[in-house]
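Take a look at the sequence and the structure, then read on.

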Amino acid sequence: MAKLVVSCNGIVEGHYFLDKSRFTIGRIPDNDISLNDPAVSNVHAVIVTMSNDHVLEDVASTNGVLVNEKKIAKHILQNNDVIELSGYQLKYVNQRALADMDFDKTMISNQALWGSNDEPDATTLPVKPLLATAVLSARAVKTNFPLGGVIYLNGGKPDEEILIDAPLKTFGQPGKQVLMISRRPHGYYVTHVEGKNFPKVNGKSVGNRAWPLEVNDVIETGEVKLKFFMPHESQEP
Amino acid sequence: MLNRPKQGMTNYMAARSHFQVEVASATDAGAIRKHNEDSIAFDDELGVLVLADGMGGYKAGDVASSIATGLVIDYLRRSLSEIEPAPIRSAGLSLESLAVKATVEKINLAIYKTAKTENKYTGMGTTIVLILFHQGLATIAHVGDSRLYRLREGRLELMTHDHSLLQQQVEMGLITTEDAKVSHNRNLVSRALGVEAEINVEISEHEVHPHDIYLLCSDGLNDMVDDTDIELAVNELRVNLPLTTQQLVQMAIDNGGHDNVSVLVAKVKHKVTGWRALMDRWFDWLKITGMNTSWRN
């Protein structure tokens with residue numbers, strides 16, 4: 001179960017399990033955690049449990065709430081987050097709440113805000129917000145992929161370095177000959193997209209599969225000729 | 001090391017639609033899970049594509065999702081054969097959409113009963129998302145957090161709203177869409193087939209344009225790959241539909257592949273008949289032989 005470890009000036013003052021759907025932190029004694037300090041508001045912050053999430057909220061406090069040294073109004077707690085109220089530190093410990101993806105399988109929510117049959121129909125609601133769900137960890141992974149690019153040897157602006165920082169980029173003449181260069185965790189690959197000829201790497205056809213690229217490889221499709229480079233790897237003279 | 005996605009064939013669907021539809025698909029268990037509980041199916045004759053993401057105990061999710069996709073084709077084949085394609089639409093949903101709705105409701109009951117009668121299937125359920133092309137329209141139906149996107153004129157649009165706790169929280173303003181990205185509730189759906197005897201199927205009808213691309217996917221795609229990257233892949237690779245689906249699955253795996261990932265893609269084309277088909281074949285031949293046919297576009 002999730003808990004808060006409360007400390008002041010590096011001295012641990014107590015452990016509190018988040019065993020209620022609404023958990024309050026403030027100065028007055030009715031709070032679930034009562035912090036006796038004039039800089040703490042009567043009810044300073046609350047933690048609301050929503051299924052697997054603990055959502056921390058500043059309840060219009062005078063002196064604010066910090067999480068990992070940043071001021072927040074509302075925040076979904078992640079394992080090892082440090083909450084600061086005045087001189088107090090509250091460390092949130094919950095092995096299940098990793099910033100990384102949880103591995104739980106899809107399940108039916110037993111805390112759904114409305115049941116499946118009384119949910120307002122889409123047609124009666126003006127606009128529903130669109131939800132982008134791609135996890136942050138997925139983005140973080142992407143930034144760790146190696147970075148490379150190509151230079152046109154033919155069929156494009158010469159000498160211009162084109163960095164490929166997106167997951168893929170296509171080259172060639174649409175409708176005639178096109179290839180894809182894709183950026184993956186361990187490097188870059190060339191793949192045939194369209195046209196009667198497969199792409200060539202260093203003069204050899206790569207066929208109908210993804211071909212791993214090495215620095216200084218020369219890639220050809222139709223009239224287009226490219227050289228692959230990686231800025232952080234030494235180029236051959 | 002390389003987790004090669006299974007790749008579907010390219011098919012052409014005609015059926016009741018004014019358009020021809022090219023289809024391709026790919027599915028993979030992902031980088032972490034052993035079983036693939038997703039299920040996909042399509043039928044050229046009917047012009048229907050369906051995807052289901054199963055949930056529940058050992059292999060039960062697999063059972064629920066394959067019942068769903070299998071029965072969609074069976075039931076729709078029967079009920080659509082009784083509907084005359086009607087060019088004039090009355091107010092409200094078309095007969096085809098009503099047939100889709102009734103079909104999904106029937107499937108819900110079938111899965112519910114199976115789960116009730118067999119111990120090993122207790123608690124199983126599945127999401128479903130499907131699209132049916134008829135006349136100049138597409139009927140989209142879904143339950144749960146499997147999605148349907150449409151690419152039109154280079155822009156990717158989400159056509160379904162997840163039936164999930166997260167979506168409900170965002171709709172109620174309890175959390176922002178930014179918060180949603182760090183939530184631990186992404187695995188909780190608020191509706192699924194097979195859980196209760198009755199189900200509220202979300203259904204909508206849309207006009208179809210030539211060159212539209214429709215993408216059905218399980219949350220293993222949109223949880224791992226940003227919408228902008230999905231848009232990029234579909235835009236850039238649309239001439240090669242099997243590669244498009246393979247690339248999307250590969251991107252999900254490269255980004256971590258925490259879940260099963262499935263994609264089913266349909267590209268809308270003008271229906272070609274008679275002399276038009278012959279002309280097209282002739283132009284394809286010119287293209288293959290390397291002649292310049294760009295004046296034709």
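What you're looking at is a predicted model, where local features need pLDDT of at least 70, side-chain atom pairs count only at pLDDT 80 or more, and totals for chains, interfaces and linings use all residues. Residues are numbered from 1 along each chain as its sequence is written, while chains are lettered from A and ligands numbered from 1 in the order in which they are written.

**The chain overall**

- Chain A has 1 helix and 22 strands; both are DSSP runs numbered from the N terminus, with helices being H or I of at least four residues and strands E of at least two.
- Of its 237 residues, 31% count as buried.
- Among contacts in chain A with a separation of 6 or more, 33% link residues 24 or more positions apart; a contact here means two C-beta atoms, placed from the backbone, within 7 Å.

**An open sheet**

- In chain A, 6 strands make an open, antiparallel sheet, running in the order β2-β1-β11-β10-β7-β8; strands pair if DSSP finds at least two bridges between them.
- β2 and β8 (70–72) of chain A sit at the edges with a single partner strand each, so one side of each has no neighbour in the sheet.
- From one strand to the next, the twist averages 30 degrees; axes are lines fitted to C-alpha atoms, for helices over the stretch in contact, and angles run from 0 to 180 degrees between N-to-C directions.
- β7 (residues 65–67) of chain A pairs with β8(A) over 3 bridges, in the antiparallel sense, and A:L66 has A:K71 in β8(A) as its bridge partner.

**Two loop residues with positive phi**

- Most residues other than glycine have a negative phi.
- A:N9 has a phi near 50 degrees, and lies in the loop between β1 (3–8) and β2 (11–17) of chain A.
- A:N9 counts as exposed because it has 8 C-beta neighbours inside 10 Å.
- A:N80 has a phi near 75 degrees, and its place is in the loop between β9 (74–76) and β10 (82–85) of chain A.
- With 14 other C-beta atoms within 10 Å, A:N80 is partly exposed.

**Confidence**

- The mean pLDDT of chain A is 85, and 81% of its residues reach 70 or more; pLDDT is the predictor's confidence in each residue, from 0 to 100.
- Over residues 99–103 of chain A, pLDDT stays under 50.
- Residues 120–126 of chain A also stay under 50, and the model has 5 contacts for them beyond four places in sequence.

Methods. A residue is buried if 20 or more other C-beta atoms lie within 10 Å of its own, exposed if 12 or fewer, and partly exposed in between; C-beta atoms are placed from the backbone.
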